[in-house]
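Have a look at the fold below.

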Amino acid sequence: MSTELPEYRPPSEGQPSPPSRRTFIATTTAVGGAVMAGGLAAGASLSGAEEASASEAPPSGRVSLTVNGERRIAVIDNRTSLLDLVREQLGLPGTKKGCNAGACGACTVLVDGRRVNSCLTLAVRLDGAEVTTIEGLADGDQLHPLQQAFVDQDAFQCGFCTPGQIMSGVGCIEEGHTDSAEEIREWMSGNICRCGCYVKIVRAVEQTARGK
């Protein structure tokens, strides 16, 4: 392979001279700066559009509910779940947020006497409904019979699922699904107890159903 450098030939008359190193650097720097400035301007414009979009308030609605016997009115984002409404806006944290996907039952409340997973229930659709949470079961210092039965039967351990278990048990009793332990287990199967207190939970529901 040849290592000889090509012979330098000066430009012919009338042809432009190649740019010097100084001229080349100055030119490329100016072009790069213009491109960068354009990019920043575009970025600023995009950021402004995103901020304008973010500033637009999401659709909201007004909902009026009777919660634990008290009339409550709230203006909420239409995407707000009943669970978030009672916990975050109405100050009733007894209802627990477990899986937030309707699979564990920790968020069970009663709506017009029926059991619902509050994490899957849009609050805005319940205008005029009557909602009962765990805070609404006791009569002052007098526990609800099922709450007392949970204490009597030692039907809890960590206690996280207990509010949902009790609310589901109340619904189960009111629905009349307590003819046998097997029936109770079937109708309470949507409520998970990770501590494994199922036998005692069933006993508590049986105790309350017998005393009804």
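Two strands count as paired if DSSP finds at least two bridges between them, and the elements themselves are DSSP runs numbered from the N terminus: helices are H or I with at least four residues, strands E with at least two. This is a predicted model, where local features need pLDDT of at least 70, side-chain atom pairs count only at pLDDT 80 or more, and totals for chains, interfaces and linings use all residues. Residues are numbered from 1 along each chain as its sequence is written, and side-chain values use heavy atoms, with hydrogens and water left out.

Start with the hairpin that β1 and β2 form: 2 residues sit between the strands, and N68 in that turn has a positive phi of about 55°. Strand β1 also pairs with β5. Here are both pairings:

| Pair | Direction | Bridges |
|---|---|---|
| β1 (residues 60-67) and β2 (residues 70-77) | antiparallel | 8 bridges |
| β1 and β5 (residues 130-132) | parallel | 2 bridges |

Now for the whole chain. It has 6 helices and 5 strands, running α-β-β-α-β-β-β-α-α-α-α from the N terminus on. Of its 212 residues, 33% are buried. Among contacts (heavy atoms within 4.5 Å) with a separation of 6 or more, 54% link residues 24 or more positions apart.

Technical notes: Buried < 20%, exposed > 50% of the residue type's maximum accessible area, 1.4 Å probe, protein only.
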